[in-house]
Every structure is written in C-alpha cells, then in structure tokens.
Amino acid sequence: MLRFLRTASTRRLLATVAGVLAVIAGGTAIAVAATGSGPVPKAQSLAGAVHQALSAPKVTGISANISFTNNLIDSSDFTGQSTDPILQGASGRLWLSNDGRLRIELQSDNGDAQVVVDHRSFWISDPTENTVYEGTLAADHGAKHPGSQSGVPSIASIQSFLTRLMGRVNLSGAQPTDVAGQAAYRVTVSPKHDGGLLGSAELAWDATRGVPLQFAIYARGNTTPVLELKATSISYGAISASDFNISPPAGAKVVRVASGAPASRTDAAHAHRRSVTGAQAVAAAVPFKLVAPKSLVGLPRQRVELLSMGAKPAALVGYGQNLGGMVVIEQRAGSHTSAASGLGGLSLPSVSINGAKGQELSTALGTVLTFTRGAVRYTVLGSVPATAAELAARAL
C-alpha cells in the first residue's frame, strides 16, 4: 500500500481529487474553528435562517488562515514519510474574491501546495511530486447574473423545498452557534436510507453575512471528519490583486486535466449513446459480450446505460439504490487498458479476482476496483468497503 502512495501516477489521481475537493470546499464553504467567545444568533427555523442568509448583502472578499484535513487514506500508510499537504492535510491560507478568483495555500516542510482559480481556469500544484495540474471549469449556464431581479425565495417556499428534501435525507434544524467570534447557524445532513460509507455532512454559515463557514464530511460511525477545511481566523473585505498574483512553480511537470463538454461536432453522437438504455439495447451496441447479471451480491440490477469511454462504447450497470448500491462499468479491453495499467494507468495495490489480476483503491468513503478478463475490462465502484467490492467483482 505504501509503495503505491509514493508513485507519481497514483498521486496524480489522489492529488487531483483532493485538490478539486479543496477548491469546492474553499469556494463554497470555509470551516472556522469555534472559540465559544462570540455572539450566538437567535433561534429560528432552518427555513428562516436560510432566508436570512440569502437576503444578506454580498461580501467583497474573504481572507482566512486555514487548516485542511484529509483522512481519505489511513494515516498509517504515511508513517516515517515526509509530510504531503494534499494527501495528509496541512495548515495554510485562503483568499476569495467576489469576482471569481480563489487561492488556497497549504503549507508544509516539502513546499507549499497551491489551488488557484482565476474565473474559469484553475491550476493545482503538488510540491511533493513537483507537478502542476491545469484545467478549465465548466461554465455555469444556470447561474443568474448578480443583478438578477428574480428575488429571494420566501420562507414558505424554502420550507416547502426543505420538506421535500427531508423525504430523502435527515436534516437537522438551524443550530445557533458561535463560530470564531461570528454568530452562525449549523446544519447536519445525513442519508435517510442506505448511505453506504457516508455518515453525514456538516455546513455552517455566518448568520449575518450568509457566507458558508464550515464544511465537513464524515464516514459512517466516525466522529472524525474524512475531509474538512476550516479557518482558524477570518476577515471580510476587498482582496488585493497581489494576493492572486502567483504563477505555477518553474520547472514543474504540467498535466492537463480534461474538462468541459464534448465538442459540438460530437454532441449528437454522445446524446445518442446516452439515450440507449436497457440490457438488450446496450448489449447490441457494445463490441463485446455484456455480462450485466440481473443481481450482484444480493443487489438487484436497477439500470443499464450506454456510455462513451474515450469515444468508445461502454456499458454502465447500476445495482441497488442510493449510496449503498454499486456501479459496474464494462468496456472493451485494449493495450492501454490492461490489468497492469490499473485505473487510468495508475499503479495501485493488486488484488486477485478469480485468477485475474486486479487493482484497487480503497478510501474511507468508498472503493474502486478494476480488472481485465479476456477482452473485457470491468470497473466496480461504490461507497462500500473493499471486501464488498471484491465480492462483487468475483461474482461477475
């Protein structure tokens, strides 16, 4: 396990995943350490607290000292190794402007990791591997212009939405709290039905400004967050352009992260493939014998859909429901998708699947396992322990 964590290819996956999560968490929710010495807002309904947040004036910017926690991979795998700010977490700083710019700096004795977003473009640096990942964020076509006159939903409308939402998840009320000297509300969300390994997510926001102040994800049965981004201090105000004036490290290896919608010329083909559903129709559309059993380790097959994997047809088969289910992807194997190539060419821990060599990535929130048998490559993934994913793979 330790060897694969120290290979550049594996770190490419984990650094990208952890970095993107950091971007999302940093851009939408900054967790702030509670001090217990600040004001506490008045008690009110969750709908009322949300309405108050949506009605708050827009802030001009945010700067904070932060601490990022990442427990996706067991800490024992890093014993005796140098600190990795992305895979193991670190303290650092954050700057967020109101015009689409974000910078997160995670500091370590091996160099600082950076997550920089400039409107739609981004780059993430991994100092341990001296690698920079660059990409473009998808356009948010549903976003409203800041000057939109559509207005804030009424408390009644918000409550109606929350009532429908509570049919699928457990939702706490707005819990008044003191967050780093700021009056805040906190809410906890957890799956009402089978949530797999996911336990809950927690979000808190500034009661006055409506700015999210806490974001954390917990694994089932664990009170320690799997992922958390929190600030030890925070201030509001305009952010100097110099705080975003930073370039990727010179001499670093650059990896381009594919993102965005497919080219317009191929939109019709992709739309056609997405419209093919059902085991019989998908089996006729793929260039290999589709397995897709009607049940897998006791989970009934719920859907079969045609996918495009590298512009080649593949099948997605879903089993069970909610996060407790699993997904199997079947695709034609090629020279670049041999068992040795693992997940996208990554070097991962090996596992035997009925004599076929497979590779597996297990985290606190789920497992991804891939193996090749004959001319077909199978990928099993879900919010399940590694043992469950292995049982499913051997049942195919």
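Analyst: Start with the secondary structure: this predicted model has seven helices and 22 strands.

User: How much of the protein counts as buried?
Analyst: Of its 396 residues, 43% are buried.

User: And what about the accessible surface, what does that come to?
Analyst: About 19,000 Å² for the protein, with carbon and sulfur atoms making up 55% of that area.

User: Which way do S19 and S20 run, parallel or antiparallel?
Analyst: Antiparallel. S19 covers residues 350–353, and four bridges join this strand to S20. In that pairing, Ser 350 sits opposite Gln 359 of S20.

User: What's between those two strands?
Analyst: Two residues, in a hairpin, where Asn 354 has a positive phi near 50 degrees.

User: OK, on to S21. How many bridges join S20 to S21?
Analyst: Six, and these two strands are antiparallel, with S21 taking in residues 366–373. One of the partners to look for is Phe 371 in S21, which is bridged to Gly 358.

User: And how many residues does the hairpin from S20 to S21 go through?
Analyst: Two residues link S20 to S21 in that hairpin.

User: Back to the whole protein. What share of the contacts with a separation of 6 or more comes from residues 24 or more positions apart?
Analyst: 59% of them.

Notes:
Residues are numbered from 1 along each chain as its sequence is written. This is a predicted model: local features need pLDDT of at least 70, side-chain atom pairs count only at pLDDT 80 or more; totals for chains, interfaces and linings use all residues. Side-chain values use heavy atoms; hydrogens and water are left out. Two strands pair if DSSP finds at least two bridges between them. Buried means under 20% relative accessible area, exposed over 50%, partly exposed in between (1.4 Å probe, protein chains only). Contact means heavy atoms within 4.5 Å. Accessible areas come from the Shrake-Rupley method with a 1.4 Å probe; for residues, only the protein chains shown count as cover.
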